[in-house]
Amino acid sequence: MSLRCKKKELLRACCGNGRARLVFYTGNEREKGSAPVAFFYDDPSRTFNEYLLIPRYSGRGCTPDTVDLSAPLVKYRLADGDGDDGDGAPLRLNIPLTSAIMQAVSDDRMAVALAQEGGVSFIYGAQTVQDQAAMVARVKDHKAGFVRSDSNVRADATLADILAMKAESGHSTVAVTEDGTSQGRLVGIVTSRDYRVSRMDSATPVADFMTPLANLIYGRDGLTLSEANDLIWDHKLNALPIIDDGGRLTYFVFRKDYDSHKTHPNELLDAGKRFIVGAGVNTRDYTERIPALVDAGADILCIDSSEGYTEWQKDVLTWVRARYGDEVKIGAGNVVDRDGFRFLAEAGADFVKIGIGGGSICITREQKGIGRGQASAVIDVAAERARYLAETGVYVPLCSDGGIVYDYHMTLALAMGADFLMLGRYFARFDEAPSPRLNYNGAYVKEYWGEGSNRARNWQRYDSGGDAKLSFEEGVDSYVPYAGSLKENVDASLAKVRSTMSNCGVTSVEQLQRDAKLTLVSATSITEGGAHDVILRNESRSAR
């Protein structure tokens with residue numbers, strides 16, 4: 001053997017676990033048996049776009065309306081077949097969707113809207129502990145049908161103030177309170193019926209045209225939604241203010257919400273009929289942030305990090321278990337392989353989040369060269385989850401975070417083993433997302449920026465134990481096409497998921513994971529799968 005070959009020799013041998021092992025060593029290291037070892041995956045890193053589902057037999061009972069999309073949110077012990085019925089997941093989703101822990105996506109308004117549809121928002125943590133806890137508290141305080149007033153003025157405000165507030169919020173009902181706050185003593189309300197812009201001076205004081213409290217029909221704090229709706233219908237009201245014994249405004253109940261609540265059969269509620277809400281935490285200030293979020297009523301927490309296979313995440317999980325036991329539920333991540341899953345599962349994570357670099361605004365892969373195609377990551381982690389289940393009897397749910405471009409990718413992710421999805425760009429397009437709607441080059445858009453961008457500067461998410469700063473960007477600042485309301489879009493997306501599942505002969509996510517048949521597709525077959533060899537009459541056809 002030549003000297004060059006003695007200094008560096010490459011051996012390739014199958015490891016029996018779907019990976020190939022690359023061994024680099026010098027001749028002397030080979031003799032000592034102390035060669036450093038690197039692993040090389042046989043298969044390329046694949047995305048959802050490279051797979052299709054194969055239809056299976058569908059019987060008469062397997063139709064889209066019979067598909068159940070509920071899924072476990074946290075770990076639980078499965079029945080063992082020997083008389084042990086297991087525990088059942090203490091928290092479940094009614095639809096397998098959660099919104100990302102991002103400033104441009106998940107605030108309290110998004111949390112309420114998504115919980116109404118059966119999913120969960122994880123309110124972003126890149127804000128003060130107090131502000132994040134306040135958002136959580138607002139979600140928990142939001143009674144179904146009872147709305148905190150977000151448009152409030154004092155009686156000495158003017159018509160110009162009312163018009164500016166309406167333009168900003170889009171709401172035509174404004175509460176007039178003594179101190180101008182949402183919980184001040186109510187003195188009247190203003191609706192669009194109380195003024196005419198063409199006939200009034202914009203400097204007219206609100207006190208001159210508001211409907212005063214003495215002329216209002218109102219409800220007392222503590223009445224039920226049914227009782228409030230009876231007052232609305234009996235008195236032909238559009239809005240019913242609710243006040244406490246001190247005359248302070250607590251809520252509004254709106255006529256328009258009556259039918260709305262009839263259209264939310266999947267609302268995700270806790271035992272007290274309050275919306276379920278999650279929150280993101282980091283590995284720096286968790287000893288302060290987590291207690292505040294728990295006190296505010298957060299139902300589920302998640303460690304927000306671009307890379308979760310770390311000692312810092314284990315420290316957080318260990319601290320939570322030591323202080324709260326299993327009472328506080330907390331997920332961890334992100335990971336992209338079986339080793340990362342095993343580490344977090346054994347550390348006590350209630351669910352494990354999968355995905356590095358697959359988000360539309362994430363540039364971690366090109367900046368740092370780490371990550372994995374989302375399909376490959378989900379498949380690998382799901383295989384390890386199955387082994388962990390066989391060993392322990394504990395089922396740890398998987399959350400696929402990133403890589404969703406088309407609606408059918410949702411079904412693929414579920415078929416590959418994910419129990420639910422975390423979506424950023426998808427939800428950022430909707431009315432309920434925190435960012436404003438803008439007109440950009442003649443089209444309506446919403447702002448959408450990554451947590452690793454200079455705009456967000458959420459350095460805690462990318463913390464590797466170094467300085468408390470963002471050393472370089474791992475996200476971009478962008479726009480996404482405006483798509484309208486959350487409900488309309490979620491309904492359309494899940495209609496496709498249900499239809500696909502019925503084509504696959506299954507009626508639950510669990511059955512899909514067990515019985516799905518998937519195939520890799522070539523670049524040519526991807527082209528074949530869309531419209532081709534024709535001139536489209538409508539170029540605005542949605543690609544989502």
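Q: What is pLDDT, and what is its mean for the protein?
A: The pLDDT is the predictor's confidence in each residue, on a scale from 0 to 100. This model is predicted. Its mean pLDDT is 87, and 86% of the residues reach 70 or more. Over residues 1–30, however, the pLDDT is below 50, and in the model this stretch has 61 contacts beyond near neighbours in sequence.

Q: How many residues line the largest pocket, and which lie nearest its centre?
A: The lining comprises 48 residues; Arg109, His142, Val147, Asp150 and His171 are the ones nearest the centre. The volume of this largest pocket is about 1,800 Å³.

Q: Which element gives the largest share of the lining of the largest pocket?
A: Helix H3 does, with 6 residues. Elements that each supply at least two lining residues include H3 (108–117), helix H4 (129–141), helix H5 (159–169) and strand S16 (249–254). Helix H8 (256–262) and helix H16 (486–503) also belong to that group.

Q: How many residues of each class are in the lining of the largest pocket?
A: There are 14 nonpolar, 18 polar and 16 charged residues.

Q: What is the volume of the second largest pocket?
A: The volume is about 680 Å³. Its lining has 44 residues, and those nearest the centre are Gly358, Gly359, Ser360, Gly402 and Gly403. Helix H12 (364–368), strand S23 (420–423) and helix H15 (425–428) each give two or more residues to this lining. By class, the lining of the second largest pocket holds 16 nonpolar, 19 polar and 9 charged residues.

Q: What is the strand order of the open sheet of 4 strands, and why is one side of S10 and of S13 left without a neighbour?
A: The order is S10-S11-S12-S13, with mixed pairing. Strands S10 (152–153) and S13 (211–212) stand at the edges and have a single partner strand each, so one side of each lacks a neighbour in the sheet. Strand S11 (residues 174–177) pairs with strand S12 (residues 186–190) in the antiparallel sense over 4 bridges. Valine 174 stands opposite valine 190 in S12.

Key. Residues are numbered from 1 along each chain as its sequence is written. This is a predicted model: local features need pLDDT of at least 70, side-chain atom pairs count only at pLDDT 80 or more; totals for chains, interfaces and linings use all residues. Side-chain values use heavy atoms; hydrogens and water are left out. On a 1 Å grid over the protein atoms alone, a cavity is a set of points where a 1.4 Å probe fits but cannot get out, and a pocket is an open set with protein on both sides within 12 Å along at least five of seven lines; lining residues have an atom within 4 Å of a point. Grid points are joined across faces, edges and corners, and a volume is the space filled by probe spheres set on the points. Ala, Val, Leu, Ile, Met, Phe, Trp, Tyr, Cys and Pro count as nonpolar, Asp, Glu, Lys and Arg as charged, and the others, Gly among them, as polar. Contact means heavy atoms within 4.5 Å. Two strands pair if DSSP finds at least two bridges between them.
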